Each structure stands twice: as structure tokens, then as C-alpha cells.
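Here's a quick briefing on a sheet, the helices packed on it and some aromatic contacts. Have a look at the model first, then read on.

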Amino acid sequence: MRMFVSDNNSGVDKDIMQAIIDENNGDAIPYGNDGTSKEAERKIAELFGADVDVYFVSTGTAANIIGIEGLLRSFEAVICADTAHINVDECGSLEKITGSKILTVENRDGKIYIEDIEELLDSIGNEHHSQPKLIYISQTTELGTLYTIDEIKALADFAHENNMYLQLDGARIANAVVALDTSFKEMITDTGVDILSFGGTKNGMMMGEAIVVFDKDLSRNFKYHRKQGMQLTSKMRFLSVQFLAYLKDELWRKNASNANEMGSYLKDELSKLDGVELREGLETNMIFAYFDDPRRDILKDQLGLASSKEGLVRLVTSFDTKKEDIDKLIARIK
């Protein structure tokens, strides 16, 4: 039985696994100074169409927190949705590592809007309050919704007009790019995002994320933050070679497309069941649905699917999910 708890449950794409095996041939300079890592940095810069700084790390939490630490001082604050990964699922690491405060905004379908953020800016200049300095959003959001290109640009413009930065958590950014039929350049570079957590683990990589910074003045000390954050991997080439395979022939697009298509198929099949109410606005591989009480308990006990206090259950498809996997799940639910 395939698992639908998260796209973290899936294994590694065979092309990426082969790239790791092929890289394991001979010696190389450590700590990211090898040719493989440098080539991966160049390929990422090409993807975004910009002269960017790239820092490979092992996890999404490391990408988020090291990125934030590199931008903020301890008396400065991050504004994010109450559902944001840094607020809910990173065990207080932002507060512990950076000393900065999180200022939450009540989400609307997983997103935050300028009019909600404006209410938090009255404290700017008040020495008694943490100073808002960074807006953090996720694409795809934690509730499976998407920011439009125009919404991201509006947030970036607003941040810069108020002497703040915009950070985007892209753990599932490939799914978002495919769903919106756009490019990484159009979604990130052209909108004015300052820093990106570029994820690959949820889309076929074994492990590894990249912090991508679009203004090198901002990242001049990031190499020290990465080292202090215990993320300067000695055999960095085994992280970076995954990005080379991931970007080659747009493997990222193939994988994300399958995950999204299977998400759509799962949504269609769930909609045929009695006692199931789907949330609207879901365009990628994360599906949220309300199940009646008996089914929800069975999903939790037998399939490990967690639900919120409101009874909302999350199901996630992956790069290697097949229709027959979903058919088996639906049969089990029935």
C-alpha cells in the first residue's frame, strides 16, 4: 500500500540515484569547492536567469532558518501566516537560532495579504517592539493553495517599499511552477523575491535544498552562517550532483507534473465518495478533504493520515505515484 501522508514518503528518482552513484568515483575537493558543486550553482543561476548566490544545505528547515539568520538581527521580526512552516513545523528553530521573533497573520486559504501585514507595521521605529523586517511566504502554501505571480510581485514591492525583504519557502516550488504554467524566472526573479529556499527533496531527490539569494550584498556573510548552522557538508558534491540530475532535461518538471496530475486524479476520485467534502482551490499534489467521523478515524488508524482539529485530512501524491496506487487507496476507503 502506497502512503499518502506526505511526498516525503517516496523514495529517490532513479536518475537522481544514478547520478549519486556516478559521482562516487574518485576524489574531489570538499566543502563545495568541487567542480560538481560549482556546475550545479551555474545551472541554478541559469534556471533563474540571474547572477545569484547558491548555498546547498541538507534540509528545508536549514534552508529557511539559515536564510533568515543571514538577513535579520535579533531585534528584527519575520511576518508569516499562522500556518507557515517556520511557525508550526520547525520546532522553534527560528527563535532559537536567530533570536528573532515571528509575527503571525491569520491565513486566508493558506495565504497572507498586504492589508493584513500593514497592521503589524505600526511598531516600526518603536524601540519597545520587535521590528518587522522580512515577509515569509510558502509556494505551494501549507494548505495546498498558490500565490499568483501578481500576488508575489505585490508582496515583494510592498516589502521593499517598507524596507523589508521577501523570502519564499519553495519546498514544493516545482509543483507550483507547473501548476501555474510559468517559469522559475517569472515566478521568483522577475517578481522581486529576495531569497528562496529551493526544494528538491519532495520531488525526487534523496536530500538537499538550496538557499538562493538574488542580491549578493545580502548574502556576503551566508557562508559563515551555513558553517555555524552545521550545514557545510564536507562531501557537498553528493548534495549538489542531485541538482544537476534534477535540472537536466527538466526532470523537475516531469516529476512535478506527475505529482500534480495524480493529485488531480485523487481529487476527482474522492469527489465521487459520500461523506467527503473537498476544499476548493487545490491545484497541485496536496489534497485537503473533510471526511465523516468513521472514515476519518479509519484513515488515521490504518493509513496514518493525520487530520486537523476541524477534521481536515491532508493527502499528498508524489513524483512516482501511479493511478493504481490511488485506486487501491479509494478501494480501501470504500
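Ring pairs tie Phe48, Phe56, Phe184, Phe198, Phe214, Phe243, Tyr246 and Trp252 together into a cluster. Rings of Phe, Tyr and Trp (its six-membered ring) pair if their centres lie within 6.5 Å; planes under 30 degrees apart count as stacked, over 60 as edge-to-face and the rest as tilted. Keep in mind that this is a predicted model: local features need pLDDT of at least 70, side-chain atom pairs count only at pLDDT 80 or more, and totals for chains, interfaces and linings use all residues. Residues are numbered from 1 along each chain as its sequence is written, and side-chain values use heavy atoms, with hydrogens and water left out.

**Aromatic pairs**
- By the ring rule, the count comes to 10 aromatic pairs.
- Phe184 and Phe198 make an edge-to-face pair, because their ring centres are 5.5 Å apart and their planes stand at 65 degrees.
- That pair links distant parts of the chain, with Phe184 in helix H9 (residues 184-189) and Phe198 in strand E6, 14 residues apart; helices (H or I, at least four residues) and strands (E, at least two) are DSSP runs, numbered from the N terminus.
- Phe184 is buried at 2% relative accessible area, and Phe198 is buried at 0%; buried means under 20%, exposed over 50% and partly exposed in between (1.4 Å probe, protein chains only).
- Phe198 also forms a tilted pair with Tyr246, at 6.5 Å centre to centre and 55 degrees between the planes.

- Seven strands make an open, mixed sheet in the order E1-E7-E6-E5-E4-E2-E3; two strands pair if DSSP finds at least two bridges between them.
- E1 (53-57) and E3 (101-105) are the edge strands, each with a single partner, so one side of each has no neighbour in the sheet.
- E6 (residues 195-199) and E7 (residues 209-213) pair in the antiparallel sense over five bridges, and Leu196 has Val212 in E7 as its bridge partner.

**Helices across the sheet**
- Helix H11 (residues 237-247) lies across E1, E6 and E7, at about 80 degrees to E6; contact means heavy atoms within 4.5 Å, and axes are lines fitted to C-alpha atoms, for helices over the stretch in contact, with angles running from 0 to 180 degrees between N-to-C directions.
- Helix H3 (residues 60-71) lies across E1, E2, E4, E5, E6 and E7, at about 25 degrees to E7.
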